[in-house]
Amino acid sequence: MITYWQQIDGNFSKTKHDDIDEALPLWIDARNVTRDETTELQSFYDIDPDHILDVLDPDELSRLEDGEGYILTIVRVPVYDPNAEVQYSTVPVGIIIKGKTIITICWTDSEVLKDFGANRIKNVRLTDFPSFIVQILNRANLNFLRYLKEINRRATSIQNEMNMEIENQEIMQLLGLEKSLVYFTTSLKSNSLLLEKMRTTRLIKFDEEDIDFVEGVKIDNRQAIEMADTYSNILFGVMDAYSSVISNNLNVVMKKLAIINLVMMAPTFVTSFFGMNFKLPFETLPGYIPVIIATGICIVSVFICTWLLNWGDGKKVKALKKGRTMTRKQKRTIRSETKKIRRQERRLSK
């Protein structure tokens, strides 16, 4: 969908294509674009088709490039999709400056561009296109920081749930968050390189005020990179710890099964041996004495098996049970935190 915006009295106002005031700068916001819409932009504003394909490529990195009669800037911005496999990810946004027109192209919807259209950002000047690009990067950094905090809170909630019981669904959710942090780190570093190039390039002219603004945006970008790296390292350590716990639990189960097999091997061998045309040793005894002896042997085997399973691990088993036991108050706290995070996710998806 293509939307035309012009700034009147400091606020963005949506206009129709036929009502555009040519004396004012124009912002063309193209989000969720179709092939016909990209073809229309390409032919009307004489944009290189390769640049259009680069902007629509989900894996395209941030960069600044000179086109024929226009300047192309690609930045990475965060997006949240509750229905996707990886809910937190990043997408490229192409920014084309041509004359008194600035065009933003994105193959999906973007919270950053939506904030501009809703006039949620202060001190935005459409007459200063370089400052407008830096404002997009600044808003992207703020959204990165907000989404990073959401990811951290959600990871903490999942870990609390896994302390009660480890399930495959929770492990997959942590894996999805780990992927999101990798995407965020890669995109933030790509934007950092773009900011460095903006300070040295001659394609876009910045005044002293814009250069100071770029320095502030770089500081926010570095902070977001450090947060993403920290959360990624923590989540990687948590995943490694839970994999070790699952492996240790499997080893404990296999040890118990091996002990049971060893204890039951002797009775199995005896019954198999005397079942092959051999006389039973207790068949001449009167009454139920053979049954009583067989029952006694089974009871002794059970006691031996129980002793072997708990021998040497009594204190360890008690410690594990005590550590796994959670009070009702703790469980209620964990469930309430999970509900809060889910409500926040519903608000983001609206």
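D46 is found in the loop between helices α1 and α2, where helices (H or I, at least four residues) and strands (E, at least two) are DSSP runs numbered from the N terminus. D46 has a positive phi of about 55° although it is not a glycine. At 52% relative accessibility, D46 counts as exposed; here buried means under 20% relative accessible area, exposed over 50%, and partly exposed in between (1.4 Å probe, protein chains only).

Welcome to the rest of the chain. This is a predicted model, in which local features need pLDDT of at least 70 and side-chain atom pairs count only at pLDDT 80 or more, while totals for chains, interfaces and linings use all residues. Residues are numbered from 1 along each chain as its sequence is written, and side-chain values use heavy atoms, leaving out hydrogens and water.

**The chain as a whole**

- The chain holds nine helices and seven strands.
- Of its 350 residues, 40% are buried.
- Among contacts (heavy atoms within 4.5 Å) with a separation of 6 or more, 66% come from residues 24 or more positions apart.

- Strands of a sheet pair through backbone hydrogen bonds, either parallel or antiparallel.
- Seven strands form an open sheet in the order β2-β1-β3-β7-β6-β5-β4, with mixed pairing; two strands pair if DSSP finds at least two bridges between them.
- β2 (11-15) and β4 (63-66) stand at the edges with a single partner strand each, so one side of each is left without a neighbour in the sheet.
- From one strand to the next, the twist averages 25°; angles run from 0 to 180 degrees between N-to-C directions, and axes are lines fitted to C-alpha atoms, for helices over the stretch in contact.
- Strands β5 (residues 71-80) and β6 (residues 88-98) run antiparallel and are joined by 10 bridges. I74 has G94 in β6 as its bridge partner.
- Helix α2 (residues 49-56) packs on the sheet and touches β4, β5, β6 and β7 (101-106), its direction making about 20° with that of β5.
- Helix α5 (residues 168-200) also packs on the sheet, touching β4, β5 and β6, with its direction at about 25° to that of β6.

**Strand β1 and its partners**

- Strand β1 (residues 2-8) is mostly covered, with six of its seven residues buried.
- β1 pairs with strand β3 (residues 26-31) in the antiparallel sense over four bridges, and the bridge partner of Y4 in β3 is I28.
- β1 also pairs with β2 in the antiparallel sense, over five bridges; I8 has N11 in β2 as its bridge partner.
- Two residues lie between the strands in the hairpin of β1 and β2, where D9 takes a positive phi near 55°.
- N32 lies in the loop between β3 and α1 (35-44). This residue has a positive phi of about 50° although it is not a glycine, and at 42% relative accessibility N32 counts as partly exposed.

**Salt bridges**

- Side chains of opposite charge can pair when their charged atoms come close.
- A salt bridge is a side-chain nitrogen of Lys or Arg within 4 Å of a carboxyl oxygen of Asp or Glu, and by this rule the count comes to 12.
- R31 forms a salt bridge with D109, with the closest N and O atoms 2.8 Å apart. The pair links distant parts of the chain, 78 residues apart: R31 is in strand β3, and D109 is in the loop between β7 and α3 (111-117).
- R31 is buried at 14% relative accessible area, whereas D109 is partly exposed at 30%.
- D29, R31, D109 and K114 are linked in a network of salt bridges.
- D115 forms a salt bridge with R120, the closest N and O atoms being 2.5 Å apart; D115 is buried at 3% relative accessibility, and R120 is partly exposed at 46%.

**Helix α6**

- V253 lies in helix α6 (residues 208-274) and counts as partly exposed at 44% relative accessibility.
- L250, V253, M254, L257, I260 and M264 make a nonpolar surface patch of about 530 Å². Patches are made of residues with over 30% relative accessible area and no salt bridge, joining like charges within 9 Å and nonpolar side chains (Val, Leu, Ile, Met, Phe, Trp, Tyr) within 5 Å.
- K218 also lies in helix α6, and is buried with a relative accessible area of 9%.
- Not counting residues up to four places away in sequence, K218 touches L195, E196 and R199.

Key:
Areas by Shrake-Rupley, 256 points an atom, 1.4 Å probe, with all protein chains shown as cover.
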